[in-house]
Amino acid sequence: VGAGAGMNFFYDNAEWQSGFALDVNVGKWVTPSVGFRAGFNGLKGGFGGNNFGYLHGDAMWNISNAIGGYKESRIWDFVPYAHAGLLVDKPIAGKELAAGAGLLNVVRLSKRVDLTLDVRGTVYKRQGPAGFISTALGLSFNLGRTDWTRASEYHNPADLDKISAAEAAASPVAAARFSR
């Protein structure tokens, strides 16, 4: 669960507008490298200073864990993501589909709390191409487990005797093979 605040920068009809951003997300890491979240981004900054809201879903890829492996002690994670959702900007545009990409930087403060910097680019179609860039600095809170055990590293305690017996049976065969 996370929340942040920052700025939205809109581009439409060769004109830039800016306003305050609020970003609220709820997500789940399926593996240390792949996660999903749903969120709301918005508040002030639509054209004419209108309030707007962007309800979105994100598919995230933690490159730090994908390349370097999961490390509970890692301080910084680099997480690009793709997102899509519904942009609501009343009274000007109404509702539109929008999509884009973003980059989430996560700095570990403790086992349960992270500092986040989220930069998102979003495109949509009004009369022509339009979009916005949102930056938000915030905190995220880990409510569930904070560690990860690879499935291949987990052994049912009832199977440990069977594994030990199989290793003991294979040991003389391996020794005879390499002693030639």
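Q: What makes Arg37 count as a charge over the face of Tyr81?
A: In this predicted model, Arg37 lies over the face of Tyr81 at 4.8 Å from the ring centre; a charge sits over a ring if NZ of Lys or CZ of Arg is within 6 Å of the ring centre and within 35 degrees of the ring normal. Local features need pLDDT of at least 70 and side-chain atom pairs pLDDT 80 or more, whereas totals for chains, interfaces and linings use all residues. Residues are numbered from 1 along each chain as its sequence is written, and side-chain values use heavy atoms, without hydrogens and water.

Q: Why is the pair of Tyr54 and Phe132 called edge-to-face?
A: Rings of Phe, Tyr and Trp (its six-membered ring) pair if their centres lie within 6.5 Å, with planes under 30 degrees apart counted as stacked, over 60 as edge-to-face and the rest as tilted. The centres of Tyr54 and Phe132 are 6.1 Å apart and their planes stand at 85°, so the pair is edge-to-face.

Q: How do you know that Tyr54 is buried?
A: Buried means under 20% relative accessible area, exposed over 50% and partly exposed in between (1.4 Å probe, protein chains only); Tyr54 has 0% relative accessibility and therefore counts as buried, and Phe132, at 2%, counts as buried too.

Q: What makes the contact of Asn8 and Ser134 polar?
A: Their side chains are joined at 3.0 Å, and a polar contact is a pair of N or O atoms within 3.5 Å, where within protein one must be able to donate a hydrogen and the other to accept it, and residues adjacent in sequence count only if both atoms are side-chain atoms. Asn8 is itself buried, because its relative accessible area is 0%.
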